[in-house]
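Me: Please show me the structure, and then let us go through some questions about it, one at a time.

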Amino acid sequence: MDIKQSISFSAQLQATDNTPFVNFNGSVDESAVPSVNYYISNQDVYRANTKLFRDSLTTFQNTVFDAADKKSAELESETTSTTEAAPAN
């Protein structure tokens, strides 16, 4: 059995009146490749809050990318450990 592992992220952005208007989803796959998506569920609220949206998108992306960087470093460390442990021919 081939089990795949990923790290998932989700967030819902709300306006100051607590009206939700954007859903963010992100993931980092087993190879440390990040993915970020968003869905604008209320265009009127979005238009009134574009700065909040853009700032929040940047924060969300940075969170996912930081996790991808961490996963990449882990993979590199595993590769280095495996290479160092392998006997020379």
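Me: Which residues form one aromatic cluster in this model?
Reply: The model is a predicted one, and by the ring-centre rule its count comes to four aromatic pairs. The residues that form one aromatic cluster are Phe 24, Tyr 38, Tyr 46, Phe 53 and Phe 60.

Me: Are the planes of Phe 24 and Phe 60 stacked or edge-to-face?
Reply: A pair of aromatic rings is described by the distance of the centres and the angle of the planes. For Phe 24 and Phe 60 the centres are 5.2 Å apart and the angle between the planes is 25°. Because planes under 30 degrees apart count as stacked, the pair of Phe 24 and Phe 60 is stacked.

Me: How many residues apart in sequence are the parts that the pair of Phe 24 and Phe 60 ties together?
Reply: Both Phe 24 and Phe 60 are buried. Phe 24 belongs to strand S2, whereas Phe 60 belongs to helix H2, which covers residues 50-85, so the pair ties together parts of the chain whose separation in sequence is 36 residues.

Me: What kind of pair do the rings of Tyr 38 and Phe 53 make?
Reply: Tyr 38 lies in strand S3 and Phe 53 in helix H2, 15 residues apart, and the pair links these distant parts of the chain. The ring centres are 5.0 Å apart and the planes stand at 65°. Since planes over 60 degrees apart fall in that class, the pair of Tyr 38 and Phe 53 is edge-to-face.

Me: Which residue takes a positive phi in the hairpin of S2 and S3?
Reply: Strands S2 and S3 pair in the antiparallel sense over seven bridges, and Ser 27 stands opposite Ser 35 in S3. The hairpin has five residues between the strands. A positive phi near 75° in a residue other than glycine is found in the loop between S2 and strand S3 (34-40), and the residue that takes it is Ala 32.

Me: Is Asn 18 buried or exposed?
Reply: Asn 18 lies in the loop between strand S1 (7-14) and strand S2 (20-28), and although it is not a glycine, Asn 18 has a positive phi of about 70°. Its relative accessible area is 55%, and because exposed means over 50%, Asn 18 is exposed.

Terms used: Residues are numbered from 1 along each chain as its sequence is written. This is a predicted model: local features need pLDDT of at least 70, side-chain atom pairs count only at pLDDT 80 or more; totals for chains, interfaces and linings use all residues. Side-chain values use heavy atoms; hydrogens and water are left out. Helices (H or I, at least four residues) and strands (E, at least two) are DSSP runs, numbered from the N terminus. Buried means under 20% relative accessible area, exposed over 50%, partly exposed in between (1.4 Å probe, protein chains only). Rings of Phe, Tyr and Trp (its six-membered ring) pair if their centres lie within 6.5 Å; planes under 30 degrees apart count as stacked, over 60 as edge-to-face and the rest as tilted. Two strands pair if DSSP finds at least two bridges between them.
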